[in-house]
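User: Hi, I'm new to this one and would like a walk through it. Could you show it to me and start with the overall picture?

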Amino acid sequence: GELQGGNSEMLTAPMIGGTDMAITSLREPGELVNPGDIVVQFDTTEQDFKLKEAEADLAEAQQQVIKAEADSLAIDEESQYAMLNAQSDVNLAELELRRNPTISAIAARQNEILLEAARNRLRQATQDFTNKKTTSAAGIAIQKAQENKARVMADLARKNIENMTLKAKTGGYVNVQQNSNQNMMYWGMQLPSFQLGDTARAGMAVAQIPDLKSWEVSANVGELDRGHLSVGQPVTVRVVALAGKEFAGKVKNIGGTTGPPWDRRFEARISLDQAAPELRPGMTSNMVI
């Protein structure tokens with residue numbers, strides 16, 4: 001079986017799109033890291049460009065909002081001035097209408113017509129003021145929506161840049177994962193581990209930080225022996241690299257059977273009762289169940 005940390009922390013490439021991400025910094029396999037240490041760093045050039053573009057769009061959108069608000073104030077002032085002029089014309093026409101009893105019928109009729117026209121202009125000016133105010137408010141709302149969109153895009157780019165730096169949440173030894181992002185693969189191929197400069201797809205596991213307080217051994221057992229195993233059975237584990245040392249454990253769980261018909265196997269996980277500082281992920285061990 002292969003020694004592994006139980007409850008391991010898996011560091012995966014961030015979900016920021018369908019493009020591959022190049023690794024610009026990677027800890028060495030087996031290197032000890034503390035909580036908060038950078039384990040994997042991806043190339044952020046594209047996201048940096050997107051951030052600058054989003055920040056430029058945000059600055060432009062903010063200026064558009066300022067312009068829309070200023071235009072709205074100007075339109076309000078102009079509309080209010082037109083309404084005051086129309087109201088003044090109505091007042092003058094009403095004053096002229098008071099002279100009707102003392103002037104000719106033709107002049108009186110003209111005063112009535114002028115008053116009606118002034119009142120029509122006032123109604124039109126009032127309606128125009130309401131319509132322009134609604135239009136200005138809609139224009140400001142549209143510009144603010146563009147501003148919010150640009151702000152969201154900028155925040156997203158910043159978040160992506162932050163997520164492209166994978167830090168260890170717990171202390172432990174770095175276990176670099178196999179790189180399955182290959183142009184050509186064939187049956188039985190031994191996949192290489194991730195290296196500096198390799199590319200990873202979004203969601204791929206790049207490194208693992210095993211929990212040094214909880215060790216497990218992963219063993220591939222032949223299908224014929226499945227009936228002889230049960231959860232909780234005592235196990236004696238001997239690590240090949242640590243000659244003369246034995247570790248007590250028990251069967252933690254038994255997985256499903258996989259593999260070709262001529263070599264069906266299942267995974268059995270063995271949990272060690274006590275951890276030891278000299279244990280390392282990936283060490284080979286022999287077990288007696």
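Analyst: The protein chain holds two helices and 13 strands, and please keep in mind that this is a predicted model. The radius of gyration of the protein chain is 39 Å, whereas the globule rule gives 19 Å for 289 residues, so the chain is more spread out than a compact globule.

User: What does the C-alpha trace span along its principal axes?

Analyst: The C-alpha trace of the protein chain spans about 130 × 40 × 40 Å along those axes.

User: And how much of the chain is buried?

Analyst: Of the 289 residues in the protein chain, 32% are buried. As for contacts between residues at least 6 apart in sequence, 74% of them join residues that are at least 24 apart.

User: Let's go to the helices. How do the axes of helix 1 and helix 2 cross?

Analyst: The axes of helix 1, which covers residues 45-97, and helix 2 cross at roughly 170° and come within 8 Å of each other. Because an angle over 145 degrees counts as roughly antiparallel, helix 1 is roughly antiparallel to helix 2.

User: Which kinds of residues make up that contact?

Analyst: The contact of helix 1 with helix 2 involves 25 nonpolar, 13 polar and 18 charged residues.

User: Can we zoom in on one residue? Where does Ser136 lie, and is it buried or exposed?

Analyst: Ser136 lies in helix 2, which runs over residues 105-163. Its relative accessible area is 9%, and since buried means under 20%, Ser136 counts as buried.

User: Which residues is Ser136 in contact with, leaving aside its neighbours within four places in sequence?

Analyst: With those neighbours set aside, Ser136 is in contact with Ser72 and Ile75.

User: Changing topic to the strands, how do strand 11 and strand 12 pair?

Analyst: Strand 11, covering residues 247-258, pairs with strand 12 in the antiparallel sense over seven bridges, and within this pairing Asn253 has Arg269 in strand 12 as its bridge partner. The two strands form a hairpin with six residues between them, and in the turn Gly259 has a positive phi of about 110°.

User: How many bridges join strand 9 to strand 12?

Analyst: Seven bridges join strand 9, residues 205-222, to strand 12, residues 265-272, and these two strands run antiparallel.

User: And which residue in strand 12 stands opposite Glu216?

Analyst: That residue is Ser271, which stands opposite Glu216.

Conventions: Residues numbered from 1 in each chain as written. Predicted model: local features only at pLDDT ≥ 70, side-chain atom pairs only at ≥ 80, totals over all residues. Heavy atoms only, no water. Helix = DSSP H or I, 4+ residues; strand = E, 2+ residues; numbered from the N terminus. Buried < 20%, exposed > 50% of the residue type's maximum accessible area, 1.4 Å probe, protein only. Contact = heavy atoms within 4.5 Å. Axes fitted to C-alpha atoms, helices over the stretch in contact; angles between N-to-C directions. Parallel < 35°, antiparallel > 145°, perpendicular 65-115°, else oblique. Nonpolar A, V, L, I, M, F, W, Y, C, P; charged D, E, K, R; others polar. Pairing = 2+ DSSP bridges. Rg over C-alpha atoms; globule rule 2.2 N^0.38 Å.
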